Amino acid sequence: MEGSCPWPVAPVRNPQAAAATPSGILTPSSSEVASLLNSNSHHRPLKICGGGTTSRCAAEAHWTVDLSPKLRQLTVDQQTHRVRFGSGWTMGELQGELAQWGCMVTTGLSGLPGVGFVLTGGMGPLSRSLGLAIDHVQSLSGIWGNGQPFALKRAELSEASAKHSIQQWTALLGAAPFLGVVQEIELRTLHLLPLTVVQGCVDPNRLAELITAAEHFPRGLSLQWCWGEAIEVMLVARCDDPKAVETLSDLTRTIPLNDQRQTTAAGLHQLPAFGSRAFPSTQDLVVHQEVIGLLGPGWGKATPALLQALNAAMANRPHPRCSLSNQQLGGAVADCSSQVTAFRHRDAEWKPWITASWPPDDHNARQAALNWLVRVWEELSPYCPGIHLAQLHDHLPWHGRELEAAFGPWLTPLRQLKQQLDPEAVLPPL
Ligand SMILES: Cc1cc2nc3c(=O)[nH]c(=O)nc-3n(C[C@H](O)[C@H](O)[C@H](O)COP(=O)(O)OP(=O)(O)OC[C@H]3O[C@@H](n4cnc5c(N)ncnc54)[C@H](O)[C@@H]3O)c2cc1C
């Protein structure tokens, strides 16, 4: 099971994780994952690596459990509109396979992330009309942290089901990384949805106007932006939603973007790259990064003042690759009750994320970047009090605060569940 390579290569794509020296890399097959989680295993401590895009998929003196090489099964069922796939796939690879069948799943702004995308909620430019990735999960199977297998199906759960099964299913949809290793996921598929995408750059005043307009968008249209050296925006409209297409066309007349480009995509698999125009001169710098994702309701009348404060924060960022981005939610995200998944902030309209960047091995620059991240978090937290735990920070002092903000009162029952399912805390601490 152990890979021959003593250091992490692909799929550890996150530069900080890739720079760590792990105890070794394990590449288990489905039947070998249980023995790694079993209390007899001498492979401790562990880090689980799916798509390998976060800073904690590999760490100093931890064994990396790399799921990507062997969990590669994939079955598309066109009758039931389902895809079942192993946890080794990235979202881009999955969309590429599905496009050949004329279908897709709801993914985010990049194809790079692996199944961590789905397991932590998974939001994207179509979430306003289609909800989160977890809302499309039909079944999950894998191994709990205590080494016991699980296999849960949405269709088999009803009000009459055992309370513990419902609780486990609810927890897996958003908090799986704390409880077990998911080996296989079944998602509902959708026909490919053609999209119109408009990208360009704006100044902070125009961005405030766009945010205000976006809070009245129809569900088929979404705004995302990335603020680094410049502010890049991306508007994504569903071509099958006439109101969305009309609103997009009106908007680009009333609030024109600099260097505006319009493209069409046959589906999410063709979504153009987003973010590089925000870093025209620093995109190729090698940096280490930590990212924190916030969640909050509409900003309404507070938008201009908040943008002014964020403008000041951006002017004081300690490294040119420190950035602030935002993704629009709302719409169908709130159609699902906040009680049926571990994603509790169903009222969120915005998911801003803050990226702290520093040159590798520069301790002072790292601290300055993390301090900056916390200052921007403080600035935003009155408006975005929730957390989207898409990245885990159990190595940083604010892990506990993030857990509280992500799960709120549900953290206590979740901790009780972890006590049963991962009593030795083989998986990340909760
Ligand atoms: C370029 C880019 C764009 C992104 N865009 C979006 C976006 O539009 N929307 C959005 O919601 N998020 C987005 N993200 C965030 C991303 O979806 C999350 O950080 C996600 O957790 C990454 O998953 P991964 O498998 O690649 O990460 P990894 O680093 O491999 O895993 C992250 C953590 O998840 C856990 N994990 C991974 N696989 C499993 C498994 N099979 N079972 C149990 N636990 C597991 C592990 O604890 C691991 O430490 C983006 C990230 C990047 C890098």
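Okay, let's start at the ligand: one of its oxygen atoms sits 3.4 Å from a polar backbone atom of I48. By polar contact I mean a pair of N or O atoms within 3.5 Å; inside the protein, one must be able to donate a hydrogen and the other to accept it, and sequence neighbours count only if both atoms are side-chain atoms. Before I go on, this is a predicted model, where local features need pLDDT of at least 70, side-chain atom pairs need 80 or more, and totals for chains, interfaces and linings use all residues. Numbering runs from 1 along each chain as its sequence is written, and side-chain values use heavy atoms, with hydrogens and water left out.

Back to those contacts. A ligand oxygen is 2.7 Å from a backbone N or O atom of G52, and for G114 that kind of distance is 2.8 Å. On its own the ligand exposes 970 Å², and the protein buries 90% of that (Shrake-Rupley areas, 1.4 Å probe). Two or more shell residues come from each of strand 2 (46-49), helix 4 (116-119) and strand 9 (180-188). Those are DSSP runs numbered from the N terminus: helices are H or I with at least four residues, strands E with at least two.

Who's around the ligand? There are 33 residues, with G50, G52, T53, T54 and M123 coming nearest; being near takes a heavy atom within 4 Å. The shell splits into 16 nonpolar, 16 polar and one charged, with Gly counted as polar, and Asp, Glu, Lys and Arg as charged.

Now, where does strand 2 sit? It belongs to an open, parallel sheet of three strands, ordered 1-3-2. Strand 1 (24-26) and strand 2 are the edges, each pairing on one side only. Pairing here needs at least two DSSP bridges; strand 2 and strand 3 (residues 63-66) have four, and K47 stands opposite T64.

Strand 7 (residues 137-144) and strand 8 are joined by five bridges, and S139 partners K153.
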